[in-house]
Amino acid sequence: MLVIYSHAFFAIMAVPAGLYIFFKKKGTNQHKFIGRVWVSFLLIVSFTALFITSSMTDVVFNPRGYSWIHLLIPFTVGNLIYSIWNIRQFKKTKLEKHKIAHMRSMIGVYCGALLVAGAFTLMPGRMFHAILFL
């Protein structure tokens with residue numbers, strides 16, 4: 001259960017941290033620091049998700065206890081890597097396309113890995129739904 005609580009804690013903490021970054025001025029030292037914290041939160045969430053297997057997960061796709069939500073792990077990690085690469089490329093080249101790719105990718109991770117996955121964990125028959133509503 002500790003891995004589940006750790007996973008939930010860091011996922012919940014990543015939501016306001018991400019919102020804070022979206023509404024603050026970009027490129028500042030504060031943006032960079034909170035961004036690194038946010039990326040760290042998401043990497044912890046992705047890593048802990050690998051260890052969350054249960055009979056309470058979705059029954060449609062459940063090989064060895066993994067749920068279809070686990071497919072968001074490579075999406076999240078891949079997009080974080082892509083985003084970091086793009087912002088570093090922007091620092092080197094000052095090409096606007098890298099800055100835009102960084103922003104779009106980070107927004108995609110926020111929406112996909114936190115909001116969409118979070119919403120699906122609240123579906124009946126899921127563990128988080130049982131914890132909150134039963």
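A search of the whole structure finds five aromatic pairs. Begin with one of them: select F47 and F51. Their ring centres are 5.1 Å apart and their planes meet at 70°, so this pair is edge-to-face. The angle settles the matter because planes over 60 degrees apart count as edge-to-face. F47 and F51 are both exposed. Keep in mind throughout that the model is predicted.

Next, select F9, F10 and F41. These three residues form one aromatic cluster.

## The whole chain

The chain has five helices and zero strands. Followed along the sequence, the pattern reads α-α-α-α-α. Turn the view to see the C-alpha trace along its principal axes, where the spans are about 50 × 25 × 20 Å.

Switch to a surface display. The accessible surface of the protein chain is about 8500 Å², and 72% of that belongs to carbon and sulfur atoms. The chain has 134 residues, of which 34% count as buried. Among contacts with a separation of 6 or more, 59% are between residues 24 or more positions apart.

## Helix α2

Select residues 29–49, which make up α2. How far apart are the end C-alpha atoms of α2? They are 30 Å apart, which agrees with the 30 Å that 21 residues should span at 1.5 Å a residue.

Colour the buried residues of α2: H31, G35, W38, V39, F41, L42, V45, S46, T48 and A49. F41, already seen in the aromatic cluster, is on this list of buried residues.

## Helix α3

Move to α3, residues 72–93. With 22 residues at 1.5 Å each, α3 should span 32 Å; the distance between its end C-alpha atoms is 31 Å, which agrees. The buried residues of α3 are I73, T76, N79, L80, S83, N86, Q89 and F90. Their cover includes α2 and α4.

Pick out Q89, which sits in helix α3. Is Q89 buried or exposed? Q89 is buried, because its relative accessible area is 17% and the limit for buried is under 20%. Leaving aside neighbours within four places in sequence, Q89 is in contact with K94 and H98. Draw a distance from Q89 to G108 as well: the two are 19 residues apart in sequence, and their C-alpha atoms are 19 Å apart in space.

## The loop after α3

Select K94, in the loop between α3 and α4. K94 follows α3 and has a positive phi, near 60°. Most residues other than glycine have a negative phi. K94 is not a glycine, and its phi is positive.

K94 counts as exposed, because its relative accessibility is 57% and exposed means over 50%. K94 lies over the face of F90, at 5.5 Å from the ring centre. F90 is one of the buried residues of α3, whereas K94 is exposed.

## Helix α4

Continue to α4, residues 96–120, and select S105 within this helix. S105 is buried, with a relative accessible area of 6%. Which residues does S105 touch, not counting those up to four places away in sequence? They are N79, Y82 and S83. With S83 there is also a polar contact, side chain to side chain, at 2.7 Å.

For the last stop, select R126, in the loop between α4 and α5 (127–133). R126 counts as buried, since its relative accessibility is 11%. Then draw a distance from R126 to V45. The two are 81 residues apart in sequence, while their C-alpha atoms are 17 Å apart in space. V45 is one of the buried residues of α2.

Methods: Residues numbered from 1 in each chain as written. Predicted model: local features only at pLDDT ≥ 70, side-chain atom pairs only at ≥ 80, totals over all residues. Heavy atoms only, no water. Helix = DSSP H or I, 4+ residues; strand = E, 2+ residues; numbered from the N terminus. Buried < 20%, exposed > 50% of the residue type's maximum accessible area, 1.4 Å probe, protein only. Polar contact = N/O pair within 3.5 Å; in protein donor to acceptor, adjacent residues only side chain to side chain. Contact = heavy atoms within 4.5 Å. Expected span 1.5 Å × (residues − 1). Phe/Tyr/Trp six-rings, centres within 6.5 Å; stacked < 30°, edge-to-face > 60°. Lys NZ or Arg CZ within 6 Å of the ring centre and 35° of its normal. Areas by Shrake-Rupley, 256 points an atom, 1.4 Å probe, with all protein chains shown as cover.
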